[in-house]
Amino acid sequence: MELKELTIKQIHQSLKNKEYSCEDLVKEYIKKIKKEDSKYFCYLSLTEELALEQAKKVDEKISKGEEIGILEGIPLAIKDNILIKDYKCTSGSKILENYVAPYDATVIRRLKQSGAIFLGKTNLDEFAMGSSTENSAFGITKNPKDIERVPGGSSGGSAAAVAANLCCASLGSDTGGSIRQPASFCGVYGFKPTYGSVSRYGLMAFSSSLDQIGPLANSAEDLKIIFETISGIDFLDSSSVNLEEKDEKLNIKGLKIGIPKEYFVEGIDPEVEIVVRTAIKKYEDMGAEIIKVSLPFTKYALPIYYILSTSEASTNLARFDGIRYGVRKEGENLLDTYMNSKGEGFGKEVRRRIMLGTYSLSSGYYDAYYKKALKVRTRIVEDFVKAFDKVDCLMTPVSPFTAFKIGDKVSDVLSMYLSDVYTTSINLAGLPAVSVPCGEIKGLPVGLQIIGKAFEDKKILNIANLY
Amino acid sequence: MIDKKEIERIAKLARLKLKEEEIEGFSKDLSSIVDYIDILNEVDVKGVEPLSYVHDIKNVMREDIRASQPQEVIDKLIEVAPDKEDGFVKVKTILN
């Protein structure tokens with residue numbers, strides 16, 4: 001059996017046709033990971049026992065002649081900030097180096113019920129804070145398209161694992177672009193669903209008003225299959241909602257696609273712009289109508305994002321105080337124990353963001369930073385509402401540039417943050433967006449971002465599927 | 001400019017111990033980030049409501065009954081704590 005780029009449907013057909021057993025499939029993936037992953041470092045740990053146990057159940061069903069569901073027996077990789085019961089979950093942090101998940105995240109529970117298989121846990125920037133996976137405490141993931149380059153981040157391991165065919169599809173989390181940007185850098189499909197459509201119970205919280213779990217895969221259709229399985233209301237995440245979107249047949253003729261001019265300004269690599277515009281032209285040729293729109297508050301999205309996400313992170317990460325989880329570094333008194341545990345347990349970028357968030361929430365600065373950012377966030381949302389009066393979806397680049405070299409942006413914090421310039425406003429507005437591989441520049445993939453109205457997730461996945 | 005003294009103040013609020021040699025770097029990084037986010041000052045937000053959650057959210061209510069976790073989960077939650085005794089998480093003395 002040769003593991004090349006496989007879609008969920010292809011594996012599903014092969015299992016049904018008994019071309020191979022599920023156990024053989026899983027063993028083959030595990031073998032390939034053990035042989036090849038030393039080159040890329042996509043995986044932090046394998047869940048081999050669980051995978052084989054799950055595979056046997058699928059094979060039993062097939063041998064009894066029972067029907068299997070579309071995700072049954074499909075090998076997936078899971079970002080290591082999502083809990084799988086009884087397996088390690090580190091969030092790429094030393095502070096959780098030996099932490100074993102006491103329960104399943106809701107998305108994992110749903111995937112288990114659908115019969116999907118978990119191969120292992122993928123590398124990420126520590127607590128999902130970063131754009132290159134260089135902030136992992138355990139090592140740097142390399143881009144399978146060019147191992148001198150980053151895979152993007154923070155779901156870099158999940159994107160690289162799909163790109164290197166070390167899984168069929170994966171789960172990531174997206175707070176400011178953490179699914180879409182690595183999908184774009186590695187040349188795979190990635191989807192950030194509407195805020196609230198997928199439960200975050202069992203996802204380690206980074207920024208609760210922005211975080212969403214979503215899939216990465218080899219096709220838009222695969223994204224949809226996984227999304228339909230993991231979405232829906234969950235009483236364990238009170239921000240989750242039920243989706244009422246029907247899966248309507250898409251008519252490309254007359255579909256109105258908005259092109260926001262603020263996404264094609266100074267700072268974008270001219271070659272990226274050409275590839276993205278060519279991709280948009282393809283939709284025009286299929287019969288879509290291209291409409292110029294403006295989102296005037298776009299340039300404020302990144303500063304708002306860095307205030308709000310760090311403020312929320314500074315409170316969310318307060319729980320890692322050396323008392324309830326992970327590493328404890330004793331001090332003379334309780335305060336010293338807190339300070340030592342967090343000071344030594346967290347890596348530099350996490351500490352930098354906790355500092356920035358604490359600063360914007362601190363007395364004297366709260367109005368100028370945190371509250372101001374919340375107000376300008378209202379403006380960002382209004383921009384999108386106005387644009388969506390005129391169009392069905394928006395198309396933009398995912399990133400202003402292709403994958404950069406490992407080490408290139410580590411010392412320049414601001415230039416690293418600018419990697420997220422086209423993705424953060426979507427999280428601030430809670431919208432769904434998909435990254436579609438739409439071409440390459442010197443062998444490095446470029447992603448087209450398709451942004452939809454809130455709760456029109458399936459519609460933009462169907463639009464992505466036409467590409 | 002966020003100077004060394006300010007960095008030390010924030011670190012204490014955040015319960016983070018910084019290494020002496022890191023303080024200067026953090027002062028430089030945070031200053032450059034804050035300079036960048038200061039472009040928000042251009043925006044007039046008079047009369048604009050702050051937005052914390054994007055969708056209309058309302059309280060999610062449930063019956064007032066105890067929804068307890070299985071004992072197995074409780075045991076595992078205790079198990080991951082660095083210091084515990086008899087099914088409790090052990091905390092350092094907070095009163096002298």
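A salt bridge here is a side-chain nitrogen of Lys or Arg within 4 Å of a carboxyl oxygen of Asp or Glu. By that rule, the interface of chain A and chain B in this predicted model holds 7 salt bridges. Select K92(B) together with E330(A) to see a salt bridge between their side chains, with 3.0 Å from N to O.

On the side of chain A that touches chain B, the elements that give two or more residues are α9 (301-316), α10 (334-345), α11 (348-361), α12 (367-390), α13 (413-417) and α14 (424-429) of chain A. Of these, α12(A) gives the most to that side, with 10 residues, and the side as a whole has 37 nonpolar, 15 polar and 15 charged residues by class.

The contact draws 67 residues from chain A and 54 residues from chain B, and the two chains bury about 5,500 Å² between them, 70% of it on carbon and sulfur atoms. Color M339(A), M355(A) and K372(A), which in chain A lose the most area to chain B and together make up 12% of what that side buries.

Now move to helix α3 (residues 48-63) of chain A, whose 16 residues should span 22 Å at 1.5 Å a residue; the end C-alpha atoms are 22 Å apart, which agrees. Within α3(A), the residues L50(A), A51(A), Q54(A), A55(A), V58(A), D59(A) and I62(A) are buried, and their cover includes α1 (8-16), α2 (22-40), α4 (106-113) and β3 (117-122) of chain A. Just past the helix, select G65(A), which takes a positive phi of about 80 degrees.

The last stops concern the backbone. Most residues other than glycine have a negative phi, and most peptide bonds are trans. Is S91(A) buried or exposed? S91(A) is buried, because its relative accessible area is 0%, under the 20% cut-off.

In chain B, go to D86(B), in the loop between β1 (84-85) and β2 (88-89); its phi is positive too, near 50 degrees, but D86(B) counts as exposed at 69% relative accessibility.

Finish at G153(A) and S154(A), which are joined by a cis peptide bond with omega about 10 degrees; S154(A) lies in the loop between β3 and α5 (156-163) of chain A.

Key. Residues are numbered from 1 along each chain as its sequence is written. Chains are lettered from A and ligands numbered from 1 in the order in which they are written. Side-chain values use heavy atoms; hydrogens and water are left out. Contact means heavy atoms within 4.5 Å. Buried area is the accessible area (1.4 Å probe) that two parts lose on being put together, summed over both. Helices (H or I, at least four residues) and strands (E, at least two) are DSSP runs, numbered from the N terminus. Ala, Val, Leu, Ile, Met, Phe, Trp, Tyr, Cys and Pro count as nonpolar, Asp, Glu, Lys and Arg as charged, and the others, Gly among them, as polar. The expected span of a helix is 1.5 Å times one less than its number of residues. Buried means under 20% relative accessible area, exposed over 50%, partly exposed in between (1.4 Å probe, protein chains only).
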